[in-house]
Amino acid sequence: MSRLAVPDEPGLDKYSSAIYDVCVSKRAMQEATFLILTALAAGSQHGYGIITDVQELSDGRVRLRAGTLYTALDRLRADELIAVDREEVVESRLRRYYRLTPKGSQLLAAEAARLQANAAAALSRLDLAGGTT
Amino acid sequence: MRESAAALEGRYRRLLAWYPRSFRREQEGEMLTVLMAGARPGQHRPGLLETADLLRSALGMRLVLAMRSFGPGRRSQRWTNALALFSVVAPLFLVIVAILEVAVPVWRDWQAVPAQEAL
């Protein structure tokens with residue numbers, strides 16, 4: 001079953017590796033991404049503002065490091081979910097502000113609705129089980 | 001205090017040099033702003049986890065650029081797999097580099113102290 005020997009065989013793709021499939025399959029949005037988009041939902045923010053806001057939004061649980069933040073921002077920009085809003089220089093340091101695009105707002109709203117539906121389902125099942133109160 | 005800030009900034013710049021040139025041209029300045037804003041007063045060296053995070057992010061961006069340059073098409077499948085594997089192995093390597101990057105200067109400082117006291 002050598003896939004190198006039959007390069008033009010149409011059915012080739014089904015032999016693609018598991019690693020690749022995991023990379024391209026659609027998954028739930030990562031929490032850090034969700035929180036970054038949420039931080040931008042009310043208005044534009046610069047990098048350090050996003051970090052402090054995400055920390056606040058998550059009750060101190062999620063502390064983004066600079067490398068993680070800029071990897072995420074880079075990808076979100078490439079996917080056109082966020083865009084550069086404006087730049088400022090404060091005390092000779094550059095600040096770049098980011099904002100949600102309409103596409104980003106849509107995706108965040110859809111993801112929030114999905115999470116809400118999941119949470120509601122979980123809570124109602126727990127209630128049925130005679131659980132919490 | 002100002003000296004330690006300058007030293008810290010220099011060390012952050014050295015770490016940011018791991019990022020692809022295209023990224024640095026546009027975003028080195030603002031990233032430096034973020035890093036310096038997050039620094040503790042008197043801090044003169046990037047933290048270990050922070051260093052590892054920066055190196056991982058920089059390498060990840062280089063990988064994305066490399067994958068893009070292979071372009072679409074079936075031939076790129078094998079490269080994608082190879083890079084997926086590489087992206088698991090490389091961060092491990094980088095963590096070791098990160099540990100050394102911090103450990104070696106600390107070790108040197110530690111060695112230098114008794115010598116100064118002897119004078």
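Trainee: Is the crossing of H1(B) and H2(B) right-handed or left-handed, and what makes it so?
Mentor: The crossing of H1(B) and H2(B) is right-handed. A crossing is right-handed if the near helix is turned clockwise from the far one by less than a right angle, and left-handed if anticlockwise. Please note that this is a predicted model, in which local features need pLDDT of at least 70 and side-chain atom pairs count only at pLDDT 80 or more, while totals for chains, interfaces and linings use all residues. Residues are numbered from 1 along each chain as its sequence is written, and chains are lettered from A and ligands numbered from 1 in the order in which they are written.

Trainee: Why are H1(B) and H2(B) called oblique to each other?
Mentor: The axes of H1 (residues 2-16) and H2 (residues 21-37) of chain B cross at roughly 140 degrees and come within 10 Å. Axes are lines fitted to C-alpha atoms, for helices over the stretch in contact, and angles run from 0 to 180 degrees between N-to-C directions. Angles under 35 degrees count as roughly parallel, over 145 as roughly antiparallel, 65 to 115 as roughly perpendicular and the rest as oblique. H1(B) and H2(B) are therefore oblique.

Trainee: Which residues of H1(B) and H2(B) meet?
Mentor: B:Glu9, B:Tyr12 and B:Leu16 of H1(B) meet B:Arg24, B:Glu28, B:Met31, B:Leu32, B:Leu35 and B:Met36 of H2(B); a contact requires C-beta atoms, placed from the backbone, within 7 Å. By class, six residues are nonpolar, none is polar and three are charged. Here Ala, Val, Leu, Ile, Met, Phe, Trp, Tyr, Cys and Pro count as nonpolar, Asp, Glu, Lys and Arg as charged, and the others, Gly among them, as polar.

Trainee: What makes the arrangement of H2(A) and H5(A) oblique?
Mentor: H2 (residues 31-41) and H5 (residues 102-128) of chain A pack at an angle of about 120 degrees, with their axes 10 Å apart. H2(A) and H5(A) are therefore oblique to each other. Their crossing is left-handed. A:Phe34, A:Leu37, A:Thr38 and A:Ala41 in H2(A) meet A:Gly104, A:Leu108 and A:Glu111 in H5(A). That contact has four nonpolar, two polar and one charged residues.

Trainee: How do you know that E2 and E3 of chain A pair?
Mentor: Two strands pair if DSSP finds at least two bridges between them. E2 (residues 82-90) and E3 (residues 93-100) of chain A have eight bridges, in the antiparallel sense. A:Glu88 stands opposite A:Arg95 in E3(A), and A:Val84 has A:Tyr98 as its bridge partner. The hairpin of E2(A) and E3(A) has two residues between the strands, and A:Glu91 takes a positive phi near 50 degrees there.

Trainee: Why do E1 and E2 of chain A stand at the edges?
Mentor: The open sheet of three strands has the order E1-E3-E2 in chain A, with antiparallel pairing. Strand E1 (45-46) and E2 each have a single partner strand, so one side of each is left without a neighbour in the sheet.

Trainee: How many helices and strands does each chain have?
Mentor: Chain A comes to five helices and three strands, whereas chain B has four helices and zero strands. Helices (H or I, at least four residues) and strands (E, at least two) are DSSP runs, numbered from the N terminus.

Conventions:
Two residues are in contact if their C-beta atoms, placed from the backbone, lie within 7 Å.
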